[in-house]
Amino acid sequence: MNARKQLTIALAGNPNAGKTTLFNSLTGLKQKVANYPGVTVERKEGSWQLIGSQAKLIDLPGLYSLDATSMDEQIARDVLTGEQPGVPKPDVIIAVVDATNLERNLYLVTQLFEFGIPVVVALTMIDAFEKQKHEIDIGKLSRALKVPVIAVNAKSSRGRTELISRVKELVESPKTNSFALDLSETDGRDHAKIFARYNFISNAVQDSVKHNDAHEHSVSDKIDRVLTHKFFGLVILVAILLLVFQTIFSWASLPMDLLQKGFGALGDTVRSQLPAGVLADLLVDGIIAGVGGVLVFLPQILLLFLFISLLEDTGYLSRAAFLLDKLMSRVGLHGKAFLPLMSSFACAIPGIMATRTIESKRDRFATILIAPFMSCSARLPVYTLMIATFFAGRTIFGFLSLGAVLMLAMYSLGIIVAICVAFVLKRTLLKAPPPPFIMELPPYRLPNVRTVFQNMLTRAWMFVKRAGTVILAISIILWALTYFPRSLSAPQAAVQTNAQAEQPATLSESEHLKNSYAGKLGHVIEPVIAPLGFDWKIGVALIASFAAREVLVSTLSIIYNVGKDENEESPTLISAIRGAKRDDGAPAWTPLTALSLMVFFVLAMQCMSTVAVVRRETNSWNWTLFMVGYMTALAYVGSLITYQAGRFFGFS
Amino acid sequence: MIDVNDNNMTLANLQKGKDARVIAVNGESTVMRRLMEMGVIPGVDIRMIKSAPFGDPLEVRVRGYRLALRRNEADAIEISI
């Protein structure tokens, strides 16, 4: 009957049951990943070649139960009842069941029976199960569950033909399990339903499985003796994290340089092909420079996602959460918040995207709202420039480099503020009891190369695609602010009065900037930022660096006439900053100004990509604007305290 | 020698490496419900594996797999040895 219609088949199973591996092996490369509308639950679909027909295979999120207490469960439930818009009600459910963890995996299966959709059980990890010298009688299990049970192995394609023929059989003559009827009498939220399901499972498993009790200590147990050891576990965790960050910073620098040069070259090519004017400037200085400035971080993001996927796939991530939950829960956060926060030291974007593993919305939002306080790699050029200009070569106590101490202080300040903010948020806006910590510690497994790379690429692509549009828009706005209004007569007088007349192009750039809306805005905000020790020129740089923190360096270069391609270690830029004067002739910068600016950069939300990703992940402009607002306020207060207290104690 | 009264024994004070049987799971919250759905129901055998470095959470073995939970939750699970 259904031969003409495209079949829809849902793949359901516990996390870590081997669902993704099976999905990949059935669909090959024919799959697409998106999100369900309005939520961050991943929607994975692929096309599966059955004999003579093609089916749409839907990979449901990994689930322990279908009670609709989490977003994942709600979506899965809606798909199975046919209520999820755009997804036809499935014709058959393939329940993926881990043979090494049969009872708990079957719990979900007993719930799947209740949707009136035929179910096929695909038994995974059967090799590992038999290696532990346990025995399973698949025929008996199938008779007990009253549904087909097929042992599958994604690598050797074992069971694939049988799976296809069973699915086809069920499509042609749908048979559903009647277990649901047995439960209809126990009603409501009574726990009797749970007990009845486990009772049914225990009976089914008892008849079909022979456990080998002698084989008590698996390889996984032995690994865990070390990795979750009270002392060595923590030491190893710290070592792994150091290795990850070291690798991210050292491996990413080469492709980052290449990308930077590539975008520079692209800009030059475009400029040479177009007549000089607004269009060329918009394309080169606005769009290519703006989008390029964000895409430069892609190598770091890719590497970070690679490591997260790797740690996730081996099973180590849940151990890290286990080791650190106590520390995190003191602040009111979940153990799982640790990794997103750690990732944010490289870049807040992958960090914020990694909060998806946190189930409770409040805990997840609290983690998102503090993630940008972790000093990311884009702050490094700012810290480096300030330290190189004002604190280089100085020591404290005769041996500690003042620069290193300040660097450490900036990182610590971010962490301390993050802890305080989390503490306050969890008691006010995001008030909730301490998040429950009920987490499976899955057996360690060798990572599946394909799953790991797929995870990495999917996440990176989402960053590029989702953040891309917002970044493009803000790049254009910020470019326009620093570009317009532009009079057509070049400021010749300025060229003659300035000693560095060998760079007339950059000189006029600097004049333009002063006359632009951003320049005027700098003057407008000067009274506001004066108590922080900043003049209007620094104000312009602050405004421009709301696009991205490292833009501060190139903006200062333009303002001080040293050419915008100078980097944070450039001697020309350093001496220009040291020699810069205010309009009244006083020095524009003092070591205290530099310190105040660094504090501002630790605390302020100056990254349009992060804003875009937060909007995306929270699905709310209110939370996003709240974050920008409170971070800017904290930055202002932090900077104010630094500058005024410094002056009070006689520093300059 | 002080013996722990069976009636008051909870999973939170089960010693490392020891086995017990769950006799009751108290509380109506979604957390306790989730624990039951994960297989922690009266009659099931459970073993204390270890506690995390700072004393919390706990790692137990139940129905052949490893589960981590906080002391708070473990305290609502009555056991008998």
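# Briefing: chains A and B

Of the 81 residues of chain B, 42% count as buried (20 or more other C-beta atoms within 10 Å of the residue's own, with C-beta atoms placed from the backbone; exposed is 12 or fewer, partly exposed in between). This is a predicted model: local features need pLDDT of at least 70, side-chain atom pairs count only at pLDDT 80 or more, and totals for chains, interfaces and linings use all residues. Residues are numbered from 1 along each chain as its sequence is written, while chains are lettered from A and ligands numbered from 1 in the order in which they are written.

**Chain B: overall build**

- Chain B has 2 helices and 5 strands (DSSP runs numbered from the N terminus: helices are H or I with at least four residues, strands are E with at least two).
- The order along the sequence is β-α-β-β-β-α-β.
- A compact globule of 81 residues would have a radius of gyration near 12 Å, and chain B agrees, with 12 Å (taken over C-alpha atoms; the rule is 2.2 Å times the number of residues to the power 0.38).
- The C-alpha trace of chain B spans about 40 × 30 × 20 Å along its principal axes.
- Of the contacts in chain B with a separation of 6 or more, 56% link residues 24 or more positions apart (a contact means C-beta atoms, placed from the backbone, within 7 Å).

**The sheet shared by both chains**

- An open sheet of 6 strands runs in the order E12(A)-E4(B)-E3(B)-E2(B)-E1(B)-E5(B), with antiparallel pairing (two strands pair if DSSP finds at least two bridges between them).
- Strand E12 (439–440) of chain A and E5 of chain B stand at the edges, each with a single partner strand, so one side of each has no neighbour in the sheet.
- E12(A) pairs with E4(B) in the antiparallel sense over 2 bridges. Met439(A) has Ala68(B) as its bridge partner in E4(B).
- Strand E3 (residues 58–62) and strand E4 (residues 65–69) of chain B run antiparallel, joined by 5 bridges. Arg61(B) stands opposite Arg66(B) in E4(B).
- Strand E1 (residues 19–25) of chain B is joined to E5(B) by 4 bridges, and the two run antiparallel. Arg21(B) stands opposite Ser80(B) in E5(B).
- In a regular strand the side chains alternate between the two faces of the sheet.

**Where chain A meets chain B**

- The contact takes 27 residues from chain A and 26 residues from chain B.
- On the chain A side, helix H3 (102–112), helix H8 (192–208), helix H10 (232–273), helix H13 (316–331) and E12 each supply at least two residues.
- H13(A) gives the largest share of that side, 5 residues.
- By class, the chain A side has 14 nonpolar, 6 polar and 7 charged residues (nonpolar: Ala, Val, Leu, Ile, Met, Phe, Trp, Tyr, Cys and Pro; charged: Asp, Glu, Lys and Arg; polar: the others, Gly among them).

- Helix H18 (residues 402–425) of chain A has 24 residues and reaches 34 Å from its first C-alpha to its last, close to the expected 34 Å (1.5 Å times one less than the number of residues).
- The buried residues of H18(A) are Leu406(A), Met410(A), Gly414(A), Ala418(A), Ala422(A) and Leu425(A).
- What covers them includes H13, helix H16 (361–370), helix H17 (380–390) and helix H26 (591–603) of chain A.
- Buried residues of H28(A) include Met627(A), Met631(A), Leu634(A) and Tyr643(A). The buried residues of H28(A) pack against H16, H18, H26 and helix H27 (608–618) of chain A.
- Just after H28(A), Gly650(A) takes a positive phi of about 90°.

**Ile126(A)**

- Ile126(A) is found in helix H4 (residues 126–131) of chain A.
- Ile126(A) counts as partly exposed, with 19 C-beta neighbours inside 10 Å.
- Leaving aside neighbours within four places in sequence, Ile126(A) is in contact with Ala99(A), Ala151(A) and Asn153(A).

**Confidence**

- Chain A averages a pLDDT of 83, and 90% of the residues score at least 70 (pLDDT is the predictor's confidence in each residue, from 0 to 100).
- Over residues 489–507 of chain A the pLDDT is below 50, and this stretch has 16 contacts in the model beyond near neighbours in sequence.
- Where pLDDT is low, the predicted coordinates should not be read in detail.

Conventions:
Two residues are in contact if their C-beta atoms, placed from the backbone, lie within 7 Å.
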